[in-house]
Amino acid sequence: MENGTHYRTCHLCEAMCGVAIDVREGRIASIKGDDNDPLSHGHICPKAVALQDLHEDPDRLKKPIRRTAEGWQEMEWDEAFDLVAQRLHAVRKRHGKNAIGAYLGNPNVHNHGAMIATLPFLRALGTQNRFSATSNDQLPHMLASLEMFGHQVLFPIPDIDHTDLFMCIGANPMASNGSLMTVPDVRGRLKALKARGGKLVVIDPRRTETGKLADEFHFVRPGSDALLLMAMVHTLFNEDLVNPGHAQPWTRDVDLVRLASLPFTPEAVSPHTGLSAEAIRDLARQLAGTPRAALYGRIGTSTQAHGGVATWLIYVLNILTGKLDTVGGMMFTQPAIDMVALGGMSGQRGHFGRRTSRVKGLPEFGGEFPSSTMADEILTPGNGQIRAFVTVAGNPLLSSPNGGRLEAAFGQLDFMVSVDYYLNETTRHADVILPPTAALERSHYDLIFSMFAVHNVAKYSPKLFDAGPDARHDWQILLELAHRLEKQTRGGRLPVRTELGWRAFKQIGPDPLLDLMLRSGPYGQDVGRVRPLVQPVIDLLVDVLPERHPLRNLARLSPLDRRWQDLPKGLSLAALKDNPSGVDLGPLRPCMPDRLFTRDQKINLAPRRYLQDLERLHARLNEPVSDELLLIGRRHVRSNNSWMHNSQRLVKGKDRCTLMIHSRDAARCGLSAGDSAEVSTDVGRIVVPVDITDEVMPGVVSMPHGWGHNRAGTRQGVAEAHAGASINDVIRDDQIDPLSGTSVLNGQTVNVRLWKAERGRRQA
Ligand SMILES: Nc1nc2c(c(=O)[nH]1)N[C@H]1C(S)=C(S)[C@@H](COP(=O)(O)OP(=O)(O)OC[C@H]3O[C@@H](n4cnc5c(=O)[nH]c(N)nc54)[C@H](O)[C@@H]3O)O[C@H]1N2
Ligand SMILES: Nc1nc2c(c(=O)[nH]1)N[C@H]1C(S)=C(S)[C@@H](COP(=O)(O)OP(=O)(O)OC[C@H]3O[C@@H](n4cnc5c(=O)[nH]c(N)nc54)[C@H](O)[C@@H]3O)O[C@H]1N2
Ligand code: SF4
Ligand SMILES: [Mo]
């Protein structure tokens with residue numbers, strides 16, 4: 001790499017900040033914000049410098065390793081691919097396809113190459129036992145989008161730059177930098193909101209970094225949001241405040257929602273939620289009374305016992321008050337590569353409940369079962385039991401509920417392979433680890449997060465460093481394994497056309513496909529010239545791309561489509577390369593009802609499965625309010641899920657893996673400043689230093705996830721020295737939101753007591 005400044009997108013979280021990386025003598029000299037980035041305008045968070053730490057991390061694996069009796073041994077790629085394909089195939093042959101389990105982790109979504117290669121890889125595996133971080137995360141949003149708008153990834157995004165009221169429930173964008181809302185520089189944008197006379201309202205069991213900036217803050221009891229939101233709906237009807245605005249003609253079943261909300265009066269829900277009836281009414285009135293307003297919820301409202309209903313109600317409230325698809329409300333993006341349109345064309349809009357899991361009968365979503373039931377499927381004998389496992393960019397041992405049980409499950413597999421560049425809590429169970437190139441060694445285009453951005457932008461970054469001939473990208477690893485597995489399936493040889501397809505795919509890679517997608521997309525360039533190229537490429541890949549793969553529809557897209565007539569044109573990969581800081585495609589704009597995918601092109605405001613689940617919510621009204629401690633999660637701006645703790649710069653300073661507890665509860669548990677607490681449930685116990693603070697609501701304790709790097713046999717020196725404890729070691733895997741299958745990561749009851757080193761030692 002030549003000396004100079006390289007512009008790219010930071011891929012670490014959803015915010016897509018533009019970074020300017022200065023390279024001197026082949027090394028990174030500095031990482032700064034890119035002032036010319038049309039979305040982030042120079043903003044970065046403290047994690048951006050960790051791009052260098054990740055790149056230079058001596059613990060990062062560069063060659064495949066295999067577990068042997070003498071420990072881990074390096075091996076050559078070809079040998080590793082053969083070994084993995086053979087072992088997986090052997091399991092499949094003996095026990096059937098579903099005997100292989102697969103888990104896809106969060107970083108895949110930040111990696112366009114991996115995204116494009118995943119579906120062919122999964123098809124080659126052939127298993128129905130698929131899992132991902134989705135069911136520990138945004139599944140309720142996807143389900144609501146599917147049921148209400150007809151498409152699982154058509155998400156309403158807060159138009160935060162034009163709103164006058166931002167109501168934030170169960171999200172802490174000041175720490176997370178936004179989620180299902182790609183929003184670099186949240187602080188700057190919230191400042192601008194206030195400068196134009198707007199208001200920030202935050203509702204959370206903890207007065208978070210975002211809560212501290214709020215003009216109005218409310219504590220809410222964990223897991224009670226659905227009650228609160230229902231009472232807001234109730235108020236809207238009761239006070240005649242319902243007005244869907246321009247969504248009126250294409251919104252159906254408003255009356256059913258009114259009926260459903262009848263029992264949930266503000267008075268009835270008040271003791272359960274912790275908000276007064278008057279405060280609840282006032283929230284509803286504010287939302288209805290502010291023309292440009294957005295109600296937004298995330299992890300706190302989705303990964304909890306009523307995550308399905310709570311997430312649905314957030315959308316319902318926005319719709320009933322006319323906020324959907326209006327400037328300053330909840331709007332839809334128009335990305336340059338429109339995965340919504342591409343998927344929608346082949347009926348790939350998503351599906352739910354087509355089959356159920358073997359052991360617990362839980363519904364699939366988009367072909368995946370809930371991650372909470374992964375251990376059940378590995379540990380429970382019988383036909384279809386998982387015996388081999390594949391993880392790609394995931395660390396479920398720390399990120400899924402009941403880490404201890406997963407530990408036991410992974411420990412008894414016949415074979416496991418992980419595509420990952422760290423030897424960590426999960427991958428140390430693997431027989432083979434296949435490490436991909438690091439992020440700066442590959443090109444970058446945000447296929448997914450461009451769809452969630454608060455302003456339409458497109459940006460491509462070429463690779464910064466050359467990883468050399470002995471390195472493989474994620475997409476190369478996945479396609480190579482897929483190709484070899486397909487061959488195994490068909491007895492060693494593929495039909496000529498299929499073989500050619502695989503070779504072509506491996507040769508082409510993702511970037512030329514990006515180019516075709518950009519050119520034929522809404523802002524594309526010169527379709528006349530591109531059109532004849534698209535179909536032949538798709539034809540070449542037709543045996544490789546699974547049926548209904550969105551790419552198969554590429555030839556049917558055109559920038560000249562009626563819907564896209566008003567949009568600026570000219571995008572191609574070359575055009576993006578000419579604009580290394582990215583291209584501004586304009587603010588979000590109304591696009592409904594054209595973009596609805598429901599059969600009748602109407603918003604389904606009251607899908608049946610939500611109404612059915614209300615019985616469970618209603619029953620809560622008659623339950624006593626328990627005084628047990630409820631455990632919730634949190635994020636910190638210097639951390640990112642489980643995998644950024646090996647950067648000294650990020651972990652240094654104050655211990656961040658602490659248990660926040662209210663002074664009242666600390667006193668009840670006999671805890672004082674400087675103590676450690678033992679947090680336990682019937683699935684496990686952990687020890688964490690306490691942070692006594694009235695920042696959390698009485699009755700609530702909070703700790704971050706992704707820690708617990710003290711398990712033997714990992715190779716992450718810095719992380720091991722800052723181990724912390726894993727919250728998921730005490731979170732039960734048998735508690736899920738039955739409506740959506742999402743893990744209950746927030747609001748489970750826990751026991752907390754003073755941990756005495758003496759007692760710990762005796763038990764050990
Ligand atoms: N209790 C609790 N649990 C939670 C959450 C919570 O709020 N509370 N949050 C949940 C959420 S939202 C999420 S998204 C999940 C995340 O959970 P996961 O997706 O399971 O895990 P991550 O911690 O993101 O770990 C990512 C893994 O990918 C590897 N990796 C990083 N980059 C790459 C790459 O480019 N290629 C490959 N092949 N590997 C890579 C890392 O080494 C690491 O092993 O955690 C969930 N778990
Ligand atoms: N720095 C950093 N940034 C990240 C990540 C990270 O790990 N670190 N992870 C990324 C990922 S994968 C994701 S999905 C996003 C998540 O983005 P966010 O959803 O913004 O993440 P959190 O900061 O966990 O915010 C969840 C909030 O919900 C609150 N909460 C918990 N239980 C309840 C409840 O029952 N009701 C209500 N109303 N609130 C509740 C918590 O107190 C917390 O403030 O962040 C992304 N960005
Ligand atoms: S907020 Fe931080 S981690 Fe997220 S994209 Fe921006 S610089 Fe990267
Ligand atoms: Mo996530």
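Modeller: Start with the side chain of N111, which makes a polar contact with the side chain of D474 at 3.1 Å. A polar contact is a pair of N or O atoms within 3.5 Å; within protein, one must be able to donate a hydrogen and the other to accept it, and residues adjacent in sequence count only if both atoms are side-chain atoms. Before going on, note that this is a predicted model: local features need pLDDT of at least 70, side-chain atom pairs count only at pLDDT 80 or more, and totals for chains, interfaces and linings use all residues. Residues are numbered from 1 along each chain as its sequence is written, chains are lettered from A and ligands numbered from 1 in the order in which they are written, and side-chain values use heavy atoms, with hydrogens and water left out.

Back to N111: you'll find this residue in the loop between β6 (100–104) and α3 (112–125). Helices (H or I, at least four residues) and strands (E, at least two) are DSSP runs, numbered from the N terminus. Setting aside neighbours within four places in sequence, N111 is in contact (heavy atoms within 4.5 Å) with R442 and D474. With a relative accessible area of 6%, N111 counts as buried, because the label means under 20%, with exposed over 50% and partly exposed in between (1.4 Å probe, protein chains only).

Now for ligand 1. It is surrounded by 30 residues, and Y103, N106, S399, D420 and S642 are the closest; a residue counts as near if one of its heavy atoms lies within 4 Å. That shell divides into 14 nonpolar, 11 polar and five charged residues. Y421 has a polar side-chain atom 2.9 Å from a nitrogen of the ligand. Taken alone, ligand 1 exposes 920 Å², and the protein buries 98% of that (areas by the Shrake-Rupley method with a 1.4 Å probe; for residues, only the protein chains shown count as cover).

Ligand 3 has a shell of nine nonpolar residues, one polar and one charged. Among the residues around it are C10, C13, C17, C45 and N177. N177 sits in the loop between α5 (173–176) and α6 (186–195) and is buried at 6% relative accessible area. Its phi is near 60°, a positive value in a residue other than glycine. Most residues other than glycine have a negative phi, and most peptide bonds are trans.

Q601 is another positive one, with phi near 55°. Q601 lies in the loop between β23 and β24 and is partly exposed, at 35%. P593 is also in the loop between β23 (583–587) and β24 (603–604), and a cis peptide bond joins M592 to P593, with omega about 0°.

Last stop: helix α23 (residues 608–621) has a kink of about 25° centred on L614, the bend being the angle between axes fitted to the seven residues ending there and the seven starting there. Its buried residues are Y610, D613, L614, L617, R620 and L621, and they pack against α4, α8, α9, α10, α13 and β30.

Technical notes: Nonpolar A, V, L, I, M, F, W, Y, C, P; charged D, E, K, R; others polar.
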